[in-house]
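Thanks for coming, everyone. Please bring the structure up on your screens. I'll keep this short.

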Amino acid sequence: MTTQHQTLALLLFSAFVAATLAITTWVSRNRHGSAEEFYVGGRLFSPMENGFAIAGDYMSAASFLGISGLIALFGYDGMLYSVGFLVAWLVVLLLVAELVRNCGRFTLADVVAARMRERPVRIAVGSSSVTVSVLYLVAQMVGAGSLVSLLLGGDSGASQAWTVIGVGTLMVIYVTLGGMRATTWIQIIKTVLLLAGSILLTVLVLVRFHGNINQLLSSAADHSGHGKSFLAPGLRYGGDWTSRFDFISLGLALVLGTAGLPHILSRFYTVATARAARRSVVWSIGLIGGFYLMTIVLGFGAAALVGTDQVKAANPAGNTAVPLLALEVGGGAGSTGGTVLFAVVAAVAFATILAVVAGITLASSASVAHDLYATLKRSHARQHSEVAVARFAAVGIGSVAIALGLLAKDLNVAFLVGLAFAVAASANLPVLLYSLFWRNFTTRGAVWAVYGGLVPAVILVTLSPVVSGSPGSLFPGVDFQFFPLENPGLVSIPLGFLAGWLGTVTSDEPPDAVRHAETEVRSLTGAGAV
């Protein structure tokens, strides 16, 4: 890329960083240091504000860079991500949003521990939440590295590494100084920027084809190198039965995983009532639905105007398809319009990554402090010391995410998020649904449900082609691949539900009918909710 691209993109990105750091500094001066203020922003946000923030948390680098890249490379099969990510919100709206808001206080473990023995449940659910959050963070780090590599030209390993470190440092600053209030306003600003950028690009793509969708799809097929098969199922997931099962596994993970994501569930606590939580989800579904429709246009637009080969040449996983599309629809390389649009899209993508990593880091540090530390040190824990631990945890989690982000730099970000969704659906969703809806659920069942989903999911990913045994794996030089599927959801999600049932029916502990009745009334009516 030219010096103009680099300078303009870096200026725009610097402006966003400066604005968000100013917000964080202002918030840090006006906070009173309580756990409620740090974790949930004092529960002072309106449904519309929270809806925009939820959308900001959800529309990640995987959505903006990864999905469009997969559609540009694989056509129809890449659209599974757009459909799966959106349909997942129906599960959230119908099954968990209001009930979680009424039953919990700060984290997912609050909901489960409401009717169980707290210590084992909080340790299990807290550990699972941190694992999911770290996996999700890695995807955002990889997106940041891919973007700066394109921006600075070539595969500059040093620039990629420093970008990942820089993003990790900024996210720690946002969380430790500003807490949930600063993170929420950063999310809202980012959502507005991302939607504005996506609308502009979508309009420009459609104008190039005179609003004719058929012409867009035909041109995409012609420039993909795959012909009409580009528009039909099977290019990525239809080769053999293994890839078909991978398709089913990924679909299950995407649709069921959202309801188990810690950073999404924690957003329901930032509003005052369950009704406000439901209205927040309605707002977010509208924003997210519109955005995912646009990613389909952007993906096929990149295939049609940039070409699948050029997208793959710039980044083998397709993570830079949208910036390349912006360069093309703005007037091409060397043009003023192309330079400006490329810089705007690159800056919006950076803003997207920064905002999402802040939200995920806050949720995972809350799990460490509120679920793990406060449980292990119950007799000594105080709100101020818990918040201090959360800030230290943010630094530790950021360091782990940076290290893993450098290791996984060549994988597609949407694919990495698919793994995080699989772990969330395997470990968090079974225990959440059983706690809310099964009268006889016990503490042993809760602990078994978490570990029965989490451990198989992590082991199966480790033994899958993602980690070893193929040219595109994390360790291509070694081969300990045993599990054939890239996404473990098809096996690990049923195992999580099965383990929860088995733990309950084999438990000597009688179910607590009184606490279940309390939880049921509170979840459905809000009586006694914090």
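I'll go through the whole protein, then one residue in it. Keep in mind that this is a predicted model.

Start with the fold. The protein has 20 helices and 0 strands. Its C-alpha atoms fill a box of roughly 70 × 55 × 45 Å along the principal axes.

Now the inside. Of the 530 residues, 60% are buried. Look at the contacts between residues at least 6 apart in sequence: 82% of them join residues at least 24 apart.

The protein exposes about 18900 Å². Carbon and sulfur atoms supply 67% of that area.

And charge? There are 29 positive and 24 negative side chains. The centres of these two sets lie 9 Å apart.

Let's zoom in on Val329. You'll find Val329 in helix H14, which covers residues 321–329.

Is Val329 buried or exposed? Its relative accessible area is 11%. Buried means under 20%, so Val329 counts as buried.

Which residues does Val329 touch? Leave out residues up to four places away in sequence, and the list is Leu201, Leu204, Val205, Arg208, Leu305 and Leu341.

One more distance. Val329 and Gly197 are 132 residues apart along the chain. Their C-alpha atoms are separated by 13 Å.

That's my tour. Questions, please.

How values were computed. Residues are numbered from 1 along each chain as its sequence is written. This is a predicted model: local features need pLDDT of at least 70, side-chain atom pairs count only at pLDDT 80 or more; totals for chains, interfaces and linings use all residues. Side-chain values use heavy atoms; hydrogens and water are left out. Helices (H or I, at least four residues) and strands (E, at least two) are DSSP runs, numbered from the N terminus. Buried means under 20% relative accessible area, exposed over 50%, partly exposed in between (1.4 Å probe, protein chains only). Contact means heavy atoms within 4.5 Å. Accessible areas come from the Shrake-Rupley method with a 1.4 Å probe; for residues, only the protein chains shown count as cover. Lys and Arg count as positive and Asp and Glu as negative; His and the chain ends are not counted. The place of a charge is taken as NZ of Lys, CZ of Arg, CG of Asp or CD of Glu.
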